[in-house]
Amino acid sequence: MQDADLRAETLRHLQFSLGKDLDHAQIYDMRMALSLAVRDRIITPWFASTKATYAAQGKRVYYLSMEFLIGRLLEDAMVNLGLMAEARAAVEACGFDFTEVLADEPDAALGNGGLGRLAACFLDSMSTLGCPGHGYGIRYEHGLFQQRFEDGVQIEEPEEWLRQKHAWEFERPEAAHRIGFGGRVVKPNGAAIWEPAEFVLAQAHDTPVIGWRGRWANTLRLWGAQAVHGFDLAAFNRGDYVGATAAEALARTISRVLYPDDTSDSGKELRLRQEFFFTSASLHDILRRFRSEYEDLRLLPAKVAIQLNDTHPAIAGPELVRLLHDVHGLDFDEAEEISRNCLGYTNHTLLPEALERWPEWLMARLLPRHLEIIARIDENHARAHPGRNVGIIGDGQVNMGELSFIMAHKVNGVSALHTELVKSTVFADLHRLHPDRIVNQTNGVTPRRWIVAANPRLRHLIGEAIGPGWVADLERLVELEPHVADAGFMAGFAEAKLANKDALAHWLRESHGVAVNPEAMFDIQIKRIHEYKRQHMNILETIALWNAIRADPGGPWSPRVKIFGGKAAPGYVMAKEIIHLINDVARVINADPKTRDLLQVVYPPNYNVTMAERLIPAADLSEQISTAGKEASGTGNMKFAMNGALTIGTLDGANVEIRERVGAENFFLFGMTADEVAARRAVEGHAREAIAASPRLAEAIDQIAAGVFSDGDVNRYSSLVDNLRHHDYFLVCSDFDSYWDAQRRVDAAYREPQAWMRAAALNTARSGWFSSDRTIRGYMGDIWGATPLI
């Protein structure tokens, strides 16, 4: 495509789609017009992919996820279509700054972290590989939430990504499904009939997802909730203006907010409504599409693979059984077996509390027929396995993890360590009964987003060194290894890293009023805030480091900027306390003239995909410090390694595989193993013992307790201090000294810039295996039985 062609198409949309001429266009208008012009280029391969899928009559993949953290889509689409240079020329020819136009796009906050970003990476890789499929989720009006800090405290505000028109989606009014809730089950002739008390309309919104070089495009279909009968004119005419719109407001509640606070019964009910709403709508849609091609429902497993991304869509098992048995008349046991052969389940957690459980009374009230079906599935499984020790229903709870396992033909972990722990811990009994069901598929990330788009300086360097083709074959990065011995290549690698750090420093200064030194080590931890991810261990080490620098200003310290990013769930009190502590510590340390040239702490609010794209290419050190045995995989660890950051981490999740591949000498290991964690946790008083053995840790905790960082308020962090001293389930105290020692090895290594940069370059060269293309090939072969069509 020529620059003039894209410019002409952009101006056409500016006039006819936006109703503006160039003289009066604002940045928003230019961004929308360019987006629509680029979207036009996606339509042809999107239609062609759909036609090819129907013609092949092969298996389609349906990926069900509560989260799709897609971020901004304009640059993503232009990168995959090879339009970046043309688009820049077209926009600049119209008198606009290309960077400002890209930055105008809202960041769609349709996820909370790794789970949602993984789903987005998978859609990119499925399209790149030509795997025919759909992503299914919820079109949240307000996403997660927008985070700001007030006196260091997290404040949640609604995310307004849909305040402006979303350029990438197509509303599909013909693809709407009525989703029932509540009511009763009647059995007039022995056959169960569910009579819901209320219905909500699931309305489809489609976003095409284009793969690398535009060869294939799949669809992300997000469901918005609407009232079946939205406006009560009679109530309005009676003067009941609020009541006239009550049904519409109640229905839209389902798709307003991702992960509403579920600490109350009403919050739990809304979460379950959300999960059933999108899962049921998706299954209705899948069966509608299947029945447009085939009459025999027994062919379903040969044509349909449905992947459940965690337990949120676990209700898919009983809902598919209900549709096949109650609606389409198949025998119950046959419907159960067909459903199982369609379903795969990805486990993302070893935390028992994160494996969803719903009260039986709530399930009975909201989904009465499904509770009956779940009970029968449980009875069938118990009958087939009389020696089992676990079930789906027990102690008044419906266990969605066990339901997902029993109703899936394959269950996968997301790293080698995690998969083995799934077998030996959370699903040990079910693994004993079904020894071939659990398989591993180590996570990956798309290089199109995380190198090509996020780090163009590194992209150019890689291309100059090893030529084209590596973006779709990331394991070719290993060809960089011989170049690590080349002084010219290494100078370019160091220049790219420093330029990325300069860019981040500029953004921090301009957007947040924080001045940092790009020559300092950028030490970054960006994740959702959770105790097992141990951001509080990081800030404790920061306090201890501050104390050490104050005591010995001329010591062997490397200048360091600690950068945090992440949100805490609104109802997670301890996580929000950790955020407050980080901000309080930052305020004190950054104001200290004795140490600020050697140590700064920065916590920019509202971490999202766009911020990650700024932070990751600029990172020197990647903090992957979770308690061993708790992080399923992680994907941030992979992004950092690809972009030339060294990792300080535990043997947890995919850290294990990263260390194996990049080399132990290029990874700062610390902490206990998963087995040692379990043994240590069994020691009575382990927290007190660890604190007593570590004077620097004891001093840091004492300072927090004494109000050093809270303006003398000794109660502000009393619960956090009490937890560390007396409970410490995630073993922050027991791992602290090992973490401190590893950080001092980091200091020493950073003082040798050539050796550090060599290790960084080897991280990039050896991280190609962590492409999501490799992961999707594994799913296609080992779980879905799907064939690529390009």
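Start with a charge on a ring: the charged end of Lys567 sits over the ring of Phe145, 5.2 Å from its centre. A charge sits over a ring here if NZ of Lys or CZ of Arg is within 6 Å of the ring centre and within 35 degrees of the ring normal. Arg744 also meets that description, lying over the face of Trp740 at 4.2 Å from the ring centre.

Before going on, some housekeeping. This is a predicted model, in which local features need pLDDT of at least 70 and side-chain atom pairs count only at pLDDT 80 or more, while totals for chains, interfaces and linings use all residues. Residues are numbered from 1 along each chain as its sequence is written, and side-chain values use heavy atoms, with hydrogens and water left out.

Now ring on ring. A pair of aromatic rings is described by the distance of the centres and the angle of the planes. Rings of Phe, Tyr and Trp (its six-membered ring) pair if their centres lie within 6.5 Å; planes under 30 degrees apart count as stacked, over 60 as edge-to-face and the rest as tilted. By this rule the count comes to 24 aromatic pairs.

Why is the pair of Tyr63 and Phe122 edge-to-face? Their ring centres are 5.8 Å apart and the planes are at 75°, so the pair falls in that class. Tyr63 lies in strand β1 (residues 60-64) and Phe122 in helix α6 (residues 114-129), so this contact ties together parts that are 59 residues apart in sequence. Helices (H or I, at least four residues) and strands (E, at least two) are DSSP runs, numbered from the N terminus. Tyr63 is buried at 0% relative accessibility, and Phe122 is buried with 0% as well. Buried means under 20% relative accessible area, exposed over 50%, partly exposed in between (1.4 Å probe, protein chains only). Tyr63 and Phe122 belong to one aromatic cluster with Phe68, Tyr779 and Trp784.

Last, strand β9, residues 217-227, where 10 of the 11 residues are buried. Which strands pair with β9? Strand β2 (residues 133-138) runs parallel to β9, joined by 5 bridges, and β8 (residues 198-210) runs antiparallel to β9, joined by 11. Pairing requires that DSSP finds at least two bridges between two strands. β8 and β9 form a hairpin with 6 residues between them, and Arg213 in the turn has a positive phi of about 65°.
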